[in-house]
Amino acid sequence: MDNPYLWPLTMLVFFPAAASLVVLLLPRDSQELIKRVSLFVTALVFIATVVMALPGFTGGAHFSLAEDAVAQMQSVFQVSWIPSFNIQYFMGLDGISFPLLVLTSFVGMLAMGASWPITKHVKAYCVLFLLLETGMLGVFLALDFFLFYVFWEVMLLPMYFLIGVWGGPRREYAAIKFFLYTLLGSVLMLIAILMLYFNSDIRALSDEQLIAAHVVPDQPAALAWRAEKVAAADLPSHTFNILALQQLGQHTDQFSKSAFTESGKSIQWWAFVLLFIGFVIKVPSVPVHTWLPDAHVEAPTPISMILAGVLLKMGGYGIIRICYPICPEAAYDLAWVVCFIGVLSMVYGAFAALAQKDFKRMVAYSSVSHMGYVVLGLGVWSAVSPSFNGDYWKMGMNGAMFQMIAHGISSAGMFFLVGVIYDRVHHRELDKFGGLFAKMPVYSGMAMLIFFAGLGLPGLCGFIGEVLVVLSVWNFSIVLAVVSAFVVILTAAYILWALQRVYLGAEYKGPHPEALTPITPREWSIAVPLCIFAIVLGVYPQALFNYMSPSVDQTVDALIQWQERQVAEDVAGKKKGGEKQAVTIDERKLPKPGQQSFRVPPIAPSASWSPSRVTPDPSYPAIQESAVEKNNPIALNRGT
Amino acid sequence: MESILSNLLLIAWLLPLASFCVILFFGPRLGAAGRGAAYVATGAIGGGFVLSLISLLTWIGTHGVSGGHHPDAAEASHVSLSNHVPQDVFHFAAESKDSHSHDDTHHGHGHGHSSGPKDAYFGDWYTLVDFGRLKITIGYYVDALTVLMFTMVTLIASCIHFYAMGYMHEELHDVTDHEVTLSNGEHLHRKGRYYRFFQYLSLFCFSMLGIVIAGNIAMTFVFWELVGICSYFLIGFYIERKSASTAANKAFIVNRVGDFGMIIGLMALWGSLGTFSFGGEKNAAGEIIKPGIFAQARAAEDDYALKTPAGMLKRAEEMGAEDPEHIGHLLLIVAGLGIFCGCVGKSAQFPLHVWLPDAMEGPTPVSALVHSATMVAAGVFLVGRFYPMFTPEVLLTIAIIGCITLFMAATIAITATDIKRVLAYSTLSQLGYMMFALGVGGWVAGMLHLITHAFFKSLLFMCSGSVIHAVHTNEMTEMGGLRRKMPITAYTMLVGCLAIMGAGVPTIVGLSGYYSKDAILAQALHFGKNNATWDVMFYVAAAGAAVTAFYMFRLWFLTFIGEPRDPHRYDHAHESPRVMWMPLVVLAFFAIFVAMPADIENFTDPTASPMVQLLEQARPDGTGLDFSGQLAAITMPAEHGSHAEEIHLAAGMIAFGTAMFGLLLASCLYWWRILNPEEVRSMFAPIYRFLRNKWWFDELYETIFIRPTIFCGRCVAQFDQRGIDWMINGLASCTRTFTSGFDRWIDKIFVDGFVNWVAARTFAIGIWLRKPQTGRLRQYVVFIVIGTMAMYIVATFGLTN
């Protein structure tokens, strides 16, 4: 297969790792040089990601905003990596991953700039930092589940050391906690990956679906591919291809078989739960969030920026890229759980932030609260029969994605700004500040701006994400909507209270008052870009939505089409009574091209399409329903 | 026409933003110590005023202020709500008063505007976000109310900018803040922040005008929050003072409580109607592709009668409601109550009124502009704007809340001694009147009071600022007799007091407050006559008028009359500079004349006033008629009914009587000293304490809201550490114990034991084997011989077998 994007994307991802080898060769004593080289590398990566977005840029990987391509995966390449397991070196970009990629390189660059105060083992620090960046970029680009997993783990280790070696007094505890939590998540993810892998068989996909999943480039190739598969005996063709798994999850019932027992939960239910736990640990949501405050408090400032700015986003990214598209049925069933966890995190995080005495810890809990919006926005599956109006859900999901970027900017900014005063006075106790406005006016002004962005003030980036998410919830659940709206009060309370204690007031109450000097140009040049982005995204959100919403909308549309098919099949199944079509794998082999929803057996109506979501048909007898259900795998796991 | 108006107002709106940006970046460098910032900001808002005035005149040029002057409205070839040729809505004014009496059968002049839509221009400038059919935009909705409010806000803001140039001059150089004592016992010294004050003022003006021009409710919300944050900055202008920053926090957070409700209202609208637009969403060709929220609730084909919008009925069906009609109606009520919640916060109505008195920590120009004339009135403005969507049930709620507020605040004002706080409570009370008026169906009355109040209350605040500027205290107990030292301030303030009291000659002429207050009371009486259960509200409002007159004149007498109670302060007092008293005179002029009829022939007819007529043009479609509630037995009487002779006269006489009573009482106590205030106070000691402690609202909220919230926060934080982390750490230590046990028993005893045993054996064997290593050559030869022989034997016999 022709892979024009192989080298550009590979270079983008592995450039920091390669550069880390160069850094290794630099003399240990020239700290300044090492930092400069690392900063240069991160800046190059940032420039590369920005250049990709420039219109008319040709050559190398690019992200096109052209009308027809914008929602699709772009710059895709795949190379066989471990052929015996169908593992591929497979990457690509779309409107969901691209903004996160830019965010990663942007925050990475700023965090490197914020690393100047680090003086301990600078070389090792920079090497690990660059490795971390490779891992983060890889996660957002990988389209092969195995590759995704590898990058996920690659990112974990440098992070562990960066917290554990360069952190505060309780760094070891925090690092181990972070590591174990995340490892637990990855193990669950691994189980889910293997479950999905061994139950997948891409031969069931139609030609269109194969092309959409980038298994084959075009129609003739699909035929050839199929012929090859037929020739290669009747073995199932498992896959790690995330796009193919999405197609399988949405168009076939391969993941709807029950996982363990005859009538237990389906494979995709289990896969969804395992993946969701794995991702939600990263987000993090209550109740698996407690690694975050410790990790943030102990991590050095730049690492906190990376943690809050990028790492947390991987959880949200995983949910929108993997959980929902691959396991739509489970996602639909568990939409309430997802939203509840989102709202719980919002409320819980806000209350906890209110009670914190440590500045950084307060910001950490505000992250928990703000990331709750992301989970909530992703989960508001409010399209219902008969209209299947997905606009509100689109708004929620777009809002959630926007919130991820906005939070990446505001929280990275908040941690940086806390770090600025920590570098000066070496404490973070909220009650022992005060009067910073008089001593560091420019800094305080920028801090106000960033904190107000976190508070969700209109005109700044936090507002758009929050308001879109909150507005989208009403049609999903009024109760959750009211609770999520309530959080605006708490958010205002904890942020304003903290601002009052730190920046306002007549005089500084803590130690080292003489150290409170105005910010340096280096600090200024890190904070200003964050402030500018906070304003630009708040005033001109389309700048982001232009890139993002086509892909997000496409994701939502695919899910809603899935749902429509389900309901249509429910109705069809009801009309046909108990008639079933036994379909074996052989029938799948050569589907007619152009067939959209190939080979999904008619589905029995199920009682769990609750009345509030799907108009029930009272004429349908309940007895018949249960009789049909027994023989129908898709209907099995909706519960009643 | 439409493009002229919208562009004029757009520029007027953006000028303060430009000023804000200029001062933000170049503030300290503008002239000496940032003096130029004041000119930039004042120039911007002054320019805004000129543009607003032009647009007001343009509006009047097209639409006229009355039917008599402008018979041929058809020539105005603009696009109106549904492309009808707009009818001139003011036939009734030309027909003059007598039309009222004989029009009862068909709702008075209702025939004038129940059939034809009112004129409004709307459109979008900028799309913030859009998803499928959903769209959030920045746009405009221009009707007579918008233009009037624009002119009013920019005029008052210009006056206050001028005034602030004088008032804030201390900030031009280093300041010693006597209210802040540092830990070393000294007062705080700091740099002046003159330019910053004007920077905030400009941002505020921009945000406020954004609310006024907003073309949809989401945009209103955006600027709603922005005025909130400006108010936060301005209240907390003296950031070093703990009281100021606390008051700023309080203001913002209490407002957020209101916004919480507002968001719910927004969600209810958004979730079912799918638009926020007031007028409707247009496509590129200017055709309406989606009707606005008003048109959805009051459609032209229904004669603008309120009905539950189809979207809400559909939503109710989707929710699986058995009775979609009922649930849909509830949704409409929720939307209305939610939006009103936001207004309760912003306009400081009971029960969210507690922030406004504390907001007086800000500099006095701020109190005059933000916390009396404009921002706090934004809540009332929004109720007026959103009026077509309110069901009678919601309107009744609004009336009750307004009624409670107007009375409660007025009573607290009686005992306050801080001059600004008296005015703050008076503002609360007057805002209560406006809400009350809107709630009982008096749209024009409420809006008229909004405008008249803006003039006289900003005048009163600026006068009090002038006094404070002269005597450097807020306490009225340390003033007295200042009339002689600062006559201009004293007499302009007297005008303000008379205006707020509603002074006038009944049925003939009066100051601005006379017209608006009479209209409110008349409509309240009218409402009471239609809804006998609720007629008590009229009496409360009338009693409130007496209290208003009492506390205002108490303030005036205590400040300006009698002997100086603090001779030292009195000696240093002086009239304010011209830049400060000129705005007072301007505002006093408006406080007198703003609501007065301009037409000599109809001089005694209050409805003939141009202001009333303009407002009448802006009246939302369909609200000029009676309408009744579905859930509660309420009839919202059409406002024109209150112009009926018997109602208006009765209300006017009662208002006059109560106001005179209040004035006399105040004169007895504080001027003629017939009664001794001390004795009266001790006579009513429990009531005095109750009022003096502001009905104990702060303490109550502290107990039932703030403490539980903080407690809850602590619980959550503790749960995090003691609950979840305890479990996690416990799990970790269990694992560790287990593995170390594992280590001890399995590894140490079995594995290590075995390995060590092997090692020990090996060692022992080695020791044992060492014994033959004697070093003697002969012995070795013997071993070799024996060994060789043994191998030979083994090789011979063992292997051959």
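Of the 485 residues in the largest nonpolar core, the ones that touch the most other members are Cys323(A), Phe436(B), Leu448(B), Ala541(B) and Ala591(B). Please keep in mind that this is a predicted model. Helix H16 of chain A, residues 391-425, supplies the largest share of this core, with 19 residues.

Leaving aside residues up to four places away in sequence, Cys323(A) touches Phe272(A), Leu275(A), Phe276(A), Phe279(A), Gly318(A) and Ala331(A).

Now for chain A as a whole. Its secondary structure comes to 25 helices and two strands. Of its 640 residues, 58% are buried. If you take the contacts in chain A between residues at least 6 apart in sequence, 79% of them join residues at least 24 apart.

Next, the place where the chains meet. Here 46 residues of chain A are in contact with 47 residues of chain B. On the chain B side, the elements giving two or more residues are strand E1 (121-131), strand E4 (187-190), helix H8 (217-235), helix H9 (242-273) and helix H28 (697-770). H9(B) gives the most, with 16 residues. By residue type, this side of chain B divides into 28 nonpolar, eight polar and eleven charged residues.

| Cis peptide bond | Omega | Location of the proline |
|---|---|---|
| Val283(A) and Pro284(A) | about -20 degrees | Pro284(A): loop between helix H10 (267-282) and helix H11 (291-298) of chain A |
| Val286(A) and Pro287(A) | about 10 degrees | Pro287(A): loop between H10 and H11 of chain A |

Chain B has backbone features of its own. Ala348(B) is not a glycine, yet it has a positive phi of about 50 degrees. You will find Ala348(B) in the loop between helix H12 (324-346) and helix H13 (355-358) of chain B. Is Ala348(B) buried or exposed? Ala348(B) counts as buried because 29 other C-beta atoms lie within 10 Å, and the cut-off for buried is 20 or more.

Lys694(B), also a residue other than glycine, has a positive phi near 55 degrees. Lys694(B) sits in the loop between helix H27 (685-692) and H28 of chain B. H28 is also among the elements of chain B that give two or more residues to the side touching chain A. Lys694(B) has 20 other C-beta atoms within 10 Å, so Lys694(B) is buried.

How values were computed
Residues numbered from 1 in each chain as written. Chains lettered and ligands numbered in written order. Predicted model: local features only at pLDDT ≥ 70, side-chain atom pairs only at ≥ 80, totals over all residues. Contact = placed C-beta atoms within 7 Å. Helix = DSSP H or I, 4+ residues; strand = E, 2+ residues; numbered from the N terminus. Nonpolar A, V, L, I, M, F, W, Y, C, P; charged D, E, K, R; others polar. Core = buried A, V, L, I, M, F, W, Y, C linked by C-beta atoms within 7 Å. Buried ≥ 20, exposed ≤ 12 C-beta atoms within 10 Å, placed from the backbone.
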